[in-house]
Amino acid sequence: MPGQELLCFLGRLAGKYRTRAFLVGGPVRDILLGRSGPDTDIAVESDAQKVGREIAARVHGRFVFHSRFLTGTVTLPDSTHIDITQTRTETYSRPATLPRVKPASIENDLIRRDFTINALALEISPGNFGNLLDPHSGQQDLARRLVRILHPNSFIDDPTRIFRAIRFAIRFGFEIELETLRLMRNSIKQGCPALLTPERVLYELRLICSEPLRLQMLEATVKEKLLQTCFGWQPSRDFLSGLQGLASKSTRPDLLYVFLLSELPVTDRFPVTKSERESVQAIRNFSAIRARLIRVKRPSTIYRLLHPVPEPALRILALLESREVASVITLYLEQLSSVTTTVTGRELRKLGLVPGPKYRTVLNRLLYARLDCRVKSSEQELDLARNLVRKMRKQ
Ligand code: CTP
């Protein structure tokens with residue numbers, strides 16, 4: 001939670017530009033709930049860019065401003081952020097597109113927001129510091145433990161709010177207010193979430209996966225047919241049990257997210273990282289490896305089969321596969337993957353091997369010998385290296 005001193009400083013600094021300044025949205029909600037959140041979201045009624053630039057200069061930070069959305073971020077030297085936005089209205093030309101924004105008063109800025117519990121502002125300007133703006137009875141909904149939208153088109157304009165409603169309701173143990181729930185389900189029934197870009201949907205799914213109650217949230221997105229609508233997809237029979245198994249055995253958000261990607265019809269159009277894409281492919285193609293894995297015993301063969309599989313994929317498979325397969329994967333992760341040779345390229349050079357692809361062949365053979373306990377000491381390994389190099393030089 002932002003400290004009072006920082007807020008006073010920000011309010012005073014905005015005052016220099018004759019603009020009122022506010023802490024807005026989530027951080028205000030969290031203060032009222034007595035919860036701490038990491039965000040410092042500041043809104044000013046004018047000159048957001050100038051205010052942001054000056055804050056950055058004063059705290060020796062960096063400032064990036066997006067003129068199209070009138071939002072900016074100051075990154076402090078310790079990597080924390082202060083978001084500085086211009087209070088604004090938003091208009092949506094079509095459902096699920098990004099809005100056009102125009103500067104507006106704080107009151108109008110609060111009207112455009114997602115839920116009453118987020119349509120809150122705390123003034124931080126000198127003279128009015130601590131004055132709460134709550135025109136949509138957000139405090140009352142916090143007390144009643146309700147997530148409620150502000151206008152009937154909210155989930156049509158911006159279907160990402162459906163993910164958000166589920167996330168906030170489950171995070172805080174709130175209910176989604178009845179009319180809000182009806183409108184949310186209508187938006188899903190009309191297919192509005194399918195109009196979102198994959199990028200926006202995946203952004204929401206990443207947020208969900210980083211929440212402590214991620215499993216309940218994902219289950220709710222499936223129960224409400226939200227994921228199905230976004231991706232034109234039907235969960236496989238094992239999907240929910242896979243999700244439950246993984247969430248109960250691992251607290252790593254990235255594993256749940258990769259598992260989700262491996263089940264969803266993710267294509268090349270989707271903005272996923274190279275490493276996520278490789279893990280997804282490895283999980284999808286695991287059946288060929290599985291069939292061989294249950295037949296092999298030799299550690300070096302296990303190593304060769306599993307070494308190309310990315311670590312997140314292996315962690316997921318170790319939690320979801322049958323006990324037989326999982327124990328082999330665990331053996332690889334906990335023991336085999338950390339085995340190394342003591343001989344290095346430098347020794348091979350000293351032994352007279354000319355640098356080239358043969359280095360990899362020799363080093364691999366040394367590693368396999370180590371894994372299979374055919375060599376047990378550095379001396380034995382060096383002897384084997386000598387023999388291998390001798391043979392290679394004859395070839
Ligand atoms: N907001 C909105 N509609 C959205 C996204 C955001 O109205 N689709 C508004 C809400 O008022 C929200 C604020 O912008 O409080 C900031 O967004 P974000 O940082 O995503 O929300 P937080 O409420 O701070 O959520 P969290 O606690 O997860 O950080």
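This is a predicted model: local features need pLDDT of at least 70, side-chain atom pairs count only at pLDDT 80 or more; totals for chains, interfaces and linings use all residues.
Ala, Val, Leu, Ile, Met, Phe, Trp, Tyr, Cys and Pro count here as nonpolar, Asp, Glu, Lys and Arg as charged, and the others, Gly among them, as polar. Residues are numbered from 1 along each chain as its sequence is written.

Helices (H or I, at least four residues) and strands (E, at least two) are DSSP runs, numbered from the N terminus.

**Domains**

The chain is divided into four parts, listed below. The bounds come from an automatic or database domain assignment.

| Domain | Residues |
|---|---|
| Domain 1 | 1-139 |
| Domain 2 | 145-234 |
| Domain 3 | 236-338 |
| Domain 4 | 345-394 |

The centres of domain 2 and domain 3, taken over C-alpha atoms, are 28 Å apart. Between them, 14 residues of domain 2 are in contact with 13 residues of domain 3. Contact means that the C-beta atoms of two residues, placed from the backbone, lie within 7 Å. On the domain 2 side, helix 9 (198-209) and helix 10 (214-223) are the elements that give two or more residues. Helix 9 has the largest share, 6 residues. By class, this side has 9 nonpolar, 1 polar and 4 charged residues.

**Core and overall form**

The largest nonpolar core has 91 residues. Such a core is a set of buried Ala, Val, Leu, Ile, Met, Phe, Trp, Tyr and Cys residues joined through C-beta atoms within 7 Å. Buried means 20 or more other C-beta atoms within 10 Å of a residue's own, exposed 12 or fewer, and partly exposed in between, with C-beta atoms placed from the backbone. Phe22, Ile42, Ile316 and Leu317 have the most contacts inside this core. Leaving out residues up to four places away in sequence, Phe22 touches Ile42, Ala43, Ile106, Ala121, Leu122, Glu123 and Ile124.

The chain has 21 helices and 11 strands. Of its 395 residues, 36% count as buried. Its C-alpha trace spans about 85 × 50 × 35 Å along the principal axes.
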